[in-house]
Amino acid sequence: MNAVPEPSLEEAGRAFLFGETFRDEEYFHACATKLRREDPVHWVEHENFNPFWVVTKHADVLDIELHPTEFLNAPRAILGTKEADANREMQGHLVKSLVQMDDPEHRLHRNLTADWFLPKNLAKLDVRLEELSKRAVTQLEDFGGSCDFAADVAMQYPLYVILSILGLPESDYPRMLRLTQELFGAEDDEFKRDENTLLSLMQTVADFVAYFDGITGDRKANPTDDLASVIANGMIDGQPIGHKEQLGYYIITATAGHDTTSNSMSGGLQALIENPDQLERLRRDPSLLPLAVDEMIRWTSPVKHFMRTATRDYEVRGVTIKEGQDVLLSYWSANRDEDVFANPFTFDVGRTPNKHLAFGFGVHYCLGAMLARMELKSMFSALVPRIKSIELAGEPQISKSTFVSGLKHLPIRYELV
Ligand code: HEM
């Protein structure tokens, strides 16, 4: 943890502004550790960004999440430049999803699909998940001993699950893959459409709109029992939900469970490769799998932050957040908090308790948390017993984003049994 030179407090705070930081785990953790230790509620200023507090301790992130009346998701749920903030109004007219809403609007919209994500409904997906996991292992066999696990396997799996939930055909896979990667990777050279991040984003959103408007038309005419039908025919207080809320719903279900889950899958495998004793432990004791899955999610924390805006003056760890000021909740930092996790920088497949905040907390707690856990569990229960040997075959590459980031390339070499 001390391999990189210690950043100054100012450097540590500003690190949260740039996607580049999140590609360099050591540097990120050096910055976050510095802030947790010396200035856990830290004010960040930069000429290209509206200022905000960055909150790095587990207890403080939790405190803010548990006070949704004092801290709203609107108007600034995610960090963007001043230019992006100024254009938010315009984007807001295009789509609006759960993460941009507050109660009572949020509760009403969340309730529309909450049943879909209950265990009794998700249990129906078990067979499909098993099928996809088997397919993934067969793919690994077909690759013949080496592949890019992130791009060739982990990126595909959750997207097939999303297509299944929404009731969309597998043939729509390439289109959805491109759109979701572009949405989260608008800053990333490999995925961006235009040098201008905002323009890239707007073009991608326009394509989502065109695609899902077609689906809505179809499900209104021919409703089925899929999630797309719930969204297309959703009613609140006897009125159909608005067009931008509907699109927001499709987009959040299509995207929220994609890069996030695949990042945990690839990052989880990388952690097993780099900690062979933990891979061996898991192989010997498969009953550890549920704990291992949560450790992979804590370890990778694919959603790096969400933001909130204070509705009144509120004190956090002795610092007054003033009404109207914004706070950035650093999940990755909270999930390495020395006050909560024993040896937070150790990857421990048997970690318990593991009260990580990678799924957030409170009223916005990830709707897909259970589904994500099921996916990882299914994948690793199929894969781990088949691994005879495995190693890195090249430099892993992480996507550039301050919001959702993780492995986009994980070259591996392996032998299966
Ligand atoms: C490892 C995988 C995942 C991670 C790390 C993750 C993380 C998160 C986080 C941090 C939030 C915000 C929570 C907050 O503000 O307190 C969130 C919200 C959400 N997630 Fe996930 N997520 C994952 C997978 C999924 C999946 C598989 C789905 C569904 C297909 C999904 C759907 C959602 C939705 C709909 C919300 C908005 C909830 C709301 O605002 O009420 N997520 N997720």
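Me: How far apart are the mean positions of the positive and negative charges of the protein?
Reply: This is a predicted model, in which local features need pLDDT of at least 70 and side-chain atom pairs count only at pLDDT 80 or more, while totals for chains, interfaces and linings use all residues. Residues are numbered from 1 along each chain as its sequence is written, and side-chain values use heavy atoms, with hydrogens and water left out. Lys and Arg count as positive and Asp and Glu as negative, without His and the chain ends; a charge is placed at NZ of Lys, CZ of Arg, CG of Asp or CD of Glu. The protein has 43 positive and 64 negative charges, and their mean positions are separated by 3 Å.

Me: What radius of gyration does the protein have?
Reply: The radius is taken over C-alpha atoms, and the globule rule is 2.2 Å times the number of residues to the power 0.38. For 417 residues the rule puts a compact globule near 22 Å, which agrees with the value for the protein, 21 Å.

Me: What does the C-alpha trace span along its principal axes?
Reply: The span is given along the principal axes of the protein. The values are about 60 × 60 × 40 Å.

Me: How many helices and strands are there in the protein?
Reply: Both are DSSP runs numbered from the N terminus: helices are H or I with at least four residues, and strands are E with at least two. The protein has 19 helices and 14 strands.

Me: What share of the residues is buried?
Reply: Buried means under 20% relative accessible area, exposed means over 50%, and partly exposed is in between (1.4 Å probe, protein chains only). Of the 417 residues in the protein, the buried ones make up 55%.

Me: What share of the accessible surface belongs to carbon and sulfur atoms?
Reply: Accessible areas come from the Shrake-Rupley method with a 1.4 Å probe, and for residues only the protein chains shown count as cover. The surface of the protein comes to about 17500 Å², and the carbon and sulfur share is 53%.

Me: Among contacts between residues at least 6 apart in sequence, what share joins residues at least 24 apart?
Reply: A contact means heavy atoms within 4.5 Å. In the protein, the share of these contacts that join residues at least 24 apart is 72%.

Me: How many aromatic pairs does the structure hold, and which kind is the pair of Phe-16 and Phe-28?
Reply: Rings of Phe, Tyr and Trp (its six-membered ring) pair if their centres lie within 6.5 Å; planes under 30 degrees apart count as stacked, over 60 as edge-to-face and the rest as tilted. The structure holds 14 aromatic pairs. Phe-16 and Phe-28 have 5.4 Å from centre to centre and 70 degrees between the planes, and the pair is edge-to-face.

Me: Why does the pair of Phe-16 and Phe-28 tie together parts that are 12 residues apart in sequence?
Reply: Phe-16 is buried at 2% relative accessible area, and Phe-28 is buried at 1%. The pair ties these parts together because Phe-16 lies in the loop between α1 (9–14) and α2 (25–38), while Phe-28 is in helix α2.

Me: Which residues form one aromatic cluster with Phe-16?
Reply: The cluster has Phe-16 and Phe-28 in it.

Me: Where is Arg-76, and is Arg-76 buried or exposed?
Reply: Arg-76 is placed in the loop between β3 (71–72) and α4 (82–86). Leaving aside neighbours within four places in sequence, Arg-76 is in contact with residues including Asn-50, Asp-85 and Asp-326. With a relative accessible area of 2%, Arg-76 is buried.

Me: Which residue does a cis peptide bond join to Thr-352?
Reply: The omega of this bond is about 0 degrees.

Me: What is the phi of Asp-237?
Reply: Asp-237 lies in the loop between β5 (235–236) and β6 (239–240) and is exposed at 69% relative accessible area. Although Asp-237 is not a glycine, its phi is positive, about 50 degrees.
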